[in-house]
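Please look through the structure shown here, beginning with a single residue and then turning to the place where two chains meet.

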Amino acid sequence: MLNRFYFLQKDLPGREPVKPDGITIAHLTDGSAESASAVLEHQYSMAGNYPFCLMLRDAHDPVAAVRRLLLFFFHPCYETTEKGKPLFLCGSPGAKVHIQKLLDAQGLGAEVILTGDAGDSVATLNANDPDPADDYYRYCLARYSPEDIFLLSGGGPGWWQGQLARAESRLAGAHDRFYRLASERLAAGRLAAKRDNEVRRLSEELQIMNQLLELSSKHDEVDHILRFYRNEYEILPLWYKRFGHVIKVIQGKRSLRSLFDKSVKKYKD
Amino acid sequence: MREKIEALNRPDILFLCSLPEKFSDKLPSQKTGEKFVIVPNSGKDIGGKLVLIQLLLTLYPDTPYAILLHDKRSYQKHSGRWEREGLFRIAGPELFPVIEKTFERDRQLGIACSKGYIRNEYLGNGRFDTPNSNLLHGMLQKYGFSDGDLRFVAGTMFWIRTSILRNFFTAESPLAIRATLETGNVLDHERGTVTHCWERMLSWMATASGYKIREF
């Protein structure tokens, strides 16, 4: 697929596993406790093993709603962008800054994308339109950008897969060079993002190693243990240790002969 | 850790937390009896445990007990690996049934941990023998904890009665607390940290409610 596509899921899918290759399910939610809990239970059931994200719509208090939705962003199947940031579709432009702050505080650095009139590069393809596959085909020829995302309304994920495959195969046939370049651009973008993540991870690891190195030069734990051993055991007077050996003989843990003869076995099994 | 729990051959649910960097190519798919979260490093194991506690209380609020464990590395200590084995004993085949029975019998038991991991840094008059002292004093006041029993389980690996977590975290969101924790491999050798304070607070929320901590 040459763009990112999100199928707007109004009700929860059934128990059958969803396999929308190349299309992410965007659960529509108003962020109410009831809606959040139902979607969370579904995603954490065995039927929830598919890529998904959330789209907040009609929320009475969008910031409070996102507080209730925070757990979703930690789900292993939650959609992330190429840079590894969770993606959140939001229909409340006024709340974007507060929502972003809330997600940043969790270390998520999520990408909040506005939908609707004040939206970022978001377009909607509607299943009720006469020929949505043709709409997408004409978009690609007129103003294609890999950054644009599409919301898919109506129909079903499988139906949309068919429509988009039809548009892409038409593009590949009639505009082979454009299709190849766009595909390569997408693959290169993914690779660059993957390398960026790798660099970030390695830098963090390096920082941790330096921290530990600095720490171990200040605090030598081996030295601490040896000092402890010496103070607790080595420093004791010889008579104290010998008295201990006699007690062991009385307890039957050690043979009497071993006190006088170093060649015999000291301790009984 | 997963193998150790599986070896117990019980129907318990495993809540797992890992870092996003560990899954750069392929994300883990869910298995029966497992609930997974992928969490960026904020507050080390404490941050991850707070997310898991929130998930546990949302999905299974009536679970009687939870065991908190983590893949303790403690690279700063030579004894890290040895410590980890000791801490994991509470989820081992010998101690698991013993601790479970003790919890059922003793209604005042709030936390069960491995032998030798209960610490007490309290010096009296709101002071603690740790660089976290000032922060801890502030937290005791903020959450209205008395200075009666301020022992805690070092390493934050223990069994806990889930009702204790439910009572505390109904009023205080675990994720709101997580937002206050430090990021990265935070250490408290020189300066106090909110993260290390919450290591203690997780034990104190039991003792402050009149529950006991016991070693096994």
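In this predicted model, A:Thr29 has a relative accessible area of 5%, and because a residue counts as buried when that value is under 20%, A:Thr29 is classed as buried. A:Thr29 belongs to strand β2 of chain A, which covers residues 23-29. When residues up to four places away in sequence are left aside, the residues that A:Thr29 touches are A:Ser35, A:Leu54, A:Met55, A:Leu56, A:Arg57 and A:Leu69.

The size of an interface is often given as the accessible area lost when the parts come together. For chain B and chain A, the buried area is about 2,700 Å², and carbon and sulfur atoms account for 61% of that area. To this contact chain B brings 32 residues, while chain A brings 26 residues.

As for specific pairings, the count of salt bridges between chain B and chain A is zero, whereas five residue pairs, both members at pLDDT 80 or more, are found in polar contact across the interface. On the side of chain B that touches chain A, the elements giving two or more residues are β2 (34-38), α2 (44-59) and α7 (174-178) of chain B. Of these, α2(B) supplies the largest share of that side, with five residues. By residue class, the side of chain B that touches chain A is made up of 15 nonpolar, 10 polar and seven charged residues.

Methods. Residues are numbered from 1 along each chain as its sequence is written. Chains are lettered from A and ligands numbered from 1 in the order in which they are written. This is a predicted model: local features need pLDDT of at least 70, side-chain atom pairs count only at pLDDT 80 or more; totals for chains, interfaces and linings use all residues. Side-chain values use heavy atoms; hydrogens and water are left out. Contact means heavy atoms within 4.5 Å. Buried area is the accessible area (1.4 Å probe) that two parts lose on being put together, summed over both. A salt bridge is a side-chain nitrogen of Lys or Arg within 4 Å of a carboxyl oxygen of Asp or Glu. A polar contact is a pair of N or O atoms within 3.5 Å; within protein, one must be able to donate a hydrogen and the other to accept it, and residues adjacent in sequence count only if both atoms are side-chain atoms. Helices (H or I, at least four residues) and strands (E, at least two) are DSSP runs, numbered from the N terminus. Ala, Val, Leu, Ile, Met, Phe, Trp, Tyr, Cys and Pro count as nonpolar, Asp, Glu, Lys and Arg as charged, and the others, Gly among them, as polar. Buried means under 20% relative accessible area, exposed over 50%, partly exposed in between (1.4 Å probe, protein chains only).
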